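Keep the coordinates open as you read.

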Amino acid sequence: MFKLNLLLLSALVITSCSMQGNNQAANLELVSNYVKAVENMDYEAMGNYLDDTYMGVGPSVGDSINKDQAIETWQFNIENVYESIKYDRNRNIAVTITEGENQGDWVSNWAELSINYKENAGSVNIFANTLYQIKNGKIVKSYTIYNEADALRQLGFIFMNPNEF
């Protein structure tokens, strides 16, 4: 009986690990495909990877956007702002968080982004990290972090302390 229980427990652990590995591989592919859609500036494809309950947060404190707003923003930026977006040195890692309020499957994407703006408005290179939460083959949440001030500085903006005037 002990051997049978040990065998069943081993089979359960192996099955669980292989299922998690399958989820992680599928999640990595999902984020890879989403990144390709961004690089291709295909906002309709981007929307296909987002769940209807999607919520995006960042890069600034208080920034948040739902699926419809995300697609609308991408469409506006692609048609009016961005000439091209390229993910250089792009790396993804899949993790599963097993406890707490952020339980679930996540993919962290680190990249150096090269962004060119339309009408010779300039270009920027930024390091960005986006964390994607995945459920049922869709992105349900994302947190994006990058240095907005650095991007603006690269575009020629000058920051001044108003207390020095």
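Ser-114 has its bridge partner in β5, and that partner is Asn-125. This is part of an antiparallel pairing between β4 and β5, which runs over 12 bridges. The model is a predicted one. β4 covers residues 104-117, and β5 covers residues 123-135. The two strands form a hairpin, with five residues between them.

Look at the turn of that hairpin. Glu-119 sits there, in the loop between β4 and β5. Its phi is positive, near 55 degrees, in a residue other than glycine. Is Glu-119 buried or exposed? Glu-119 has a relative accessibility of 78%, so it counts as exposed.

Now follow β5 onward. It also pairs with β6, residues 138-146, in the antiparallel sense, over eight bridges. Here Ala-128 has Tyr-146 of β6 as its bridge partner. β5 and β6 make a hairpin too, with two residues between the strands. Asn-136 takes a positive phi in this hairpin, near 50 degrees.

Step back to the whole chain. It has 165 residues, and 28% of them are buried. There are four helices and six strands. Along the sequence the order is α-α-β-β-α-β-β-β-β-α.

The structure holds five aromatic pairs. One of them joins Tyr-34 and Tyr-132. Their ring centres are 5.7 Å apart and their planes stand at 65 degrees, so the pair is edge-to-face; the cut-off for that class is over 60 degrees. Tyr-34 lies in helix α1, residues 2-39, and Tyr-132 lies in β5. The pair therefore ties together parts that are 98 residues apart in sequence. Both partners are buried: Tyr-34 has a relative accessible area of 7%, and Tyr-132 has a relative accessibility of 4%.

A second pair is made by Tyr-82 and Tyr-117. Their centres lie 5.6 Å apart, with the planes at 50 degrees, so this pair is tilted. It links distant parts of the chain, since Tyr-82 is in β3 and Tyr-117 is in β4, 35 residues apart. Tyr-82 is buried at 16% relative accessible area. Tyr-117 is buried as well, at 17%. These values fall under the 20% limit for burial. Ring pairs also link Tyr-34 and Tyr-132 with Tyr-49 into a cluster.

Ile-93 forms a nonpolar surface patch with Val-95 and Ile-97. Together the three have about 220 Å² of accessible area. In a regular strand, side chains alternate between the two faces of the sheet. β3 also holds Arg-89. Arg-89 is not a glycine, yet its phi is positive, at about 45 degrees. Arg-89 is exposed, with a relative accessible area of 57%.

One backbone feature remains. Which residues does a cis peptide bond join? Gly-58 and Pro-59 are the two, and omega is about 15 degrees. Pro-59 is placed in the loop between β1, residues 50-57, and β2, residues 64-66.

Definitions and conventions
Residues are numbered from 1 along each chain as its sequence is written. This is a predicted model: local features need pLDDT of at least 70, side-chain atom pairs count only at pLDDT 80 or more; totals for chains, interfaces and linings use all residues. Side-chain values use heavy atoms; hydrogens and water are left out. Patches are made of residues with over 30% relative accessible area and no salt bridge: like charges are joined within 9 Å, nonpolar side chains (Val, Leu, Ile, Met, Phe, Trp, Tyr) within 5 Å. Accessible areas come from the Shrake-Rupley method with a 1.4 Å probe; for residues, only the protein chains shown count as cover. A salt bridge is a side-chain nitrogen of Lys or Arg within 4 Å of a carboxyl oxygen of Asp or Glu. Buried means under 20% relative accessible area, exposed over 50%, partly exposed in between (1.4 Å probe, protein chains only). Rings of Phe, Tyr and Trp (its six-membered ring) pair if their centres lie within 6.5 Å; planes under 30 degrees apart count as stacked, over 60 as edge-to-face and the rest as tilted. Two strands pair if DSSP finds at least two bridges between them.
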